[in-house]
Amino acid sequence: MSSPETDPVYFLLVDDLEGNLLSLEGLLRRDGLVLLKASSGTEALELLLRYDVALAILDVQMPGMDGFELAELMRGTERTRRVPIIFLTAGSADRQRRFRGYEAGAVDFLHKPIEPDILRSKADVFFELYLQRRQLARQRDTLAQADKRKDEFLAVLAHELRNPLTPIRYGLDMMQLAPGRPVPEDIRAMMDRQLVHLVRLIDDLLDVSRIGRGKIDLRRTHVTLQSMLQAAMEASRPLVESKRHVLNRDIPESELWLNADSTRIAQVVSNLLNNAAKYTAEGGTIALSAREVDGQAVVSVTDNGVGIPARMLPEIFDLFTQVENRGELSKGGLGIGLALARQLVELHGGTIEGHSAGENQGSTFTVRLPLEKGAQSPAPTTSPAKIDPAAPLRVLVVDDNVSSAETTRQILSMVGHEVALAHDGPTAIDLAREFDPAVILLDIGMPGMSGYDVCRELRQDPAFARTLMIAQTGWGQERDRQRTRDAGFDHHLTKPVNFQELSALLSKAPARAL
């Protein structure tokens, strides 16, 4: 079977004498070239309708339709009007004949007997030109397809980002219509779910970008497969329960140990469970199983949902791929979840496969990960102490985004902290010396004086040697965290900041009286 890289190049040879055709064939033969032979103009036209010809070599003097007439017919047809033509003639090529030939589209005249090297060199030029033209056409088609996929992806991205924003907007509107009244629990829960969904979409996009640029770092530890599967099930439980699915588990009691990033593997399995829940009609069945096979942990997620068409199976792990014809079940998602899952599994030295018997036949996704050889259970550790609410503190919030700073002030004030605000670096430094905060929440990406610069300058003052400095930033890669450590920060929080995580850090702040 031919491919774009191995498709042959076609030359057309036209001469009424069989001996001349055989001579031309022997002269021009080369790898990648197919020589089409015709002994008349009519036969040549039939070949031109069937093949995309890179060069036509035509004898001028033929009975019936001569070479000039054939060339004129080629020039009158859209398919063949741009095919270069070399005329071969045994007669005189006077000015009038040459003019007629060039008018018919000739690029050259060669006289018989032919100089082999001359014809071969000219043919080589058209062979290479055709290959270049074909390559350019493929690149054009690829770019056009990529541009189309980009437009489709941006449209889907806009749709997916707007979906969770709409209920959040409605929730805020309801709060404004009833100021001073407690926010109903279902409204708070709804807004929280939509925010979590937004954050996940953004995190998935960032993860794909980081992996593509080789910038993602795995935080490997000795961890049991069972603990990661439990985390995945907990993360997917809201969606599974909302669809009233039955989740069957077949997980061995004996611990299977891996050297893995537990968060990332739980993310992979959670993604598979979410897909199973999403593409299975309400009340369906999902099965999660795990076992040890030949030194590998084998995890499978099976559903009885809409399945995957056979033609789509080779593409389901490609970035931005969406399986077609899934109706209402296909709403949501950017087509990056499975691509991200494959990349994360492969970074762990494993594999992931998808199988389906076809539409409405369900799907099975299987992950294989190398087990940790000779791993021992770690020594039992005491349960972490329960985090008590932080005692009242003076907190300086520094952020050039006024709305973000004000929201942070309000939530910290609600739990008893005294909060001051600054919206630029120089003001933050002056206010810090006046306000004497126990904690400084500091945005990084401020215009003029960055959060790094503010932290460095304050750390030079002995009065702030023990002040808890927390970076609040939209930058969350490992190199960003290293930069905050180098600047003197104690902690790095990625926006949107989880308030429980922030509260845990505030509870560790050095005591300082209000």
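## Strands and how they pair

Two strands pair if DSSP finds at least two bridges between them. Strands here (E, at least two residues) and helices (H or I, at least four residues) are DSSP runs, numbered from the N terminus. The model you're looking at is predicted, so local features need a pLDDT of at least 70 and side-chain atom pairs count only at pLDDT 80 or more, while totals for chains, interfaces and linings use all residues. Residues are numbered from 1 along each chain as its sequence is written, and side-chain values use heavy atoms, with hydrogens and water left out.

Let's start with strand E1, residues 9-14. E1 runs parallel to strand E2 (residues 33-38), and six bridges join the two. To find one of those bridges, look at Tyr-10: its partner in E2 is Val-34. Strand E3 (residues 53-59) and E4 also run parallel, joined by four bridges. There, Ala-56 has Ile-85 of E4 as its bridge partner.

## Two covered strands

How many residues of E1 are buried? Six of its six, where buried means under 20% relative accessible area, exposed means over 50%, and partly exposed is in between (1.4 Å probe, protein chains only). Both faces of E1 are covered: Val-9, Phe-11 and Leu-13 are buried on one side, and Tyr-10, Leu-12 and Val-14 on the other.

Strand E4 (residues 85-89) is mostly covered as well, with five of its five residues buried. On one side of E4 you'll find Ile-85, Phe-87 and Thr-89, on the other Ile-86 and Leu-88, and all are buried.

## A closer look at Ala-297

Now hop along to strand E10 (residues 296-303), where Ala-297 sits. Is Ala-297 buried or exposed? Its relative accessibility is 1%, so Ala-297 counts as buried.

What surrounds Ala-297? Leaving aside neighbours within four places in sequence, Ala-297 is in contact (heavy atoms within 4.5 Å) with Leu-225, Arg-291, Val-367, Arg-368, Leu-369 and Leu-371. Then there's Leu-256, which is 41 residues away from Ala-297 along the chain, yet their C-alpha atoms are separated by 7.3 Å.

## Salt bridges

Side chains of opposite charge can pair when their charged atoms come close. A salt bridge here is a side-chain nitrogen of Lys or Arg within 4 Å of a carboxyl oxygen of Asp or Glu. By this rule the count comes to 18 salt bridges. One of them links the side chains of Asp-436 and Arg-394, at 3.9 Å from N to O. Asp-436 lies in the loop between helix H11 (425-435) and strand E15 (439-443), while Arg-394 is in strand E13 (residues 394-398), so the pair ties together parts that are 42 residues apart in sequence. Asp-436 is partly exposed at 33% relative accessible area, whereas Arg-394 is buried at 14%.

Another salt bridge joins the side chains of Arg-433 and Asp-461 (3.6 Å, N to O). Arg-433 lies in helix H11, and Asp-461 is in the loop between helix H12 (451-459) and strand E16 (468-473), so this pair ties together parts that are 28 residues apart in sequence. Arg-433 is partly exposed, with a relative accessible area of 44%. Asp-453 and Arg-456 are three residues apart in helix H12, which means they are separated by about one helical turn. Asp-453 is partly exposed at 34%, and Arg-456 is partly exposed at 38%. Elsewhere, salt bridges that share partners join Asp-15, Asp-59 and Lys-112 into one network.

## More about Arg-394

Back to Arg-394 in strand E13. Which backbone oxygens lie 3.2 Å from a polar atom of the Arg-394 side chain? One belongs to Phe-435, and another to Asp-436.

## A nonpolar surface patch

Ile-411, Met-414 and Val-415 make a nonpolar surface patch of about 300 Å². Patches are made of residues with over 30% relative accessible area and no salt bridge; like charges are joined within 9 Å, and nonpolar side chains (Val, Leu, Ile, Met, Phe, Trp, Tyr) within 5 Å. The accessible areas come from the Shrake-Rupley method with a 1.4 Å probe, and for residues, only the protein chains shown count as cover.

Ile-411 is in helix H10 (residues 402-414), and at 33% relative accessibility it counts as partly exposed. Val-415 is in the loop between H10 and strand E14 (418-422), and is partly exposed too, at 42%. Ile-411 and Phe-499 are 88 residues apart along the chain, and their C-alpha atoms are separated by 8.6 Å.

Key. Polar contact = N/O pair within 3.5 Å; in protein donor to acceptor, adjacent residues only side chain to side chain.
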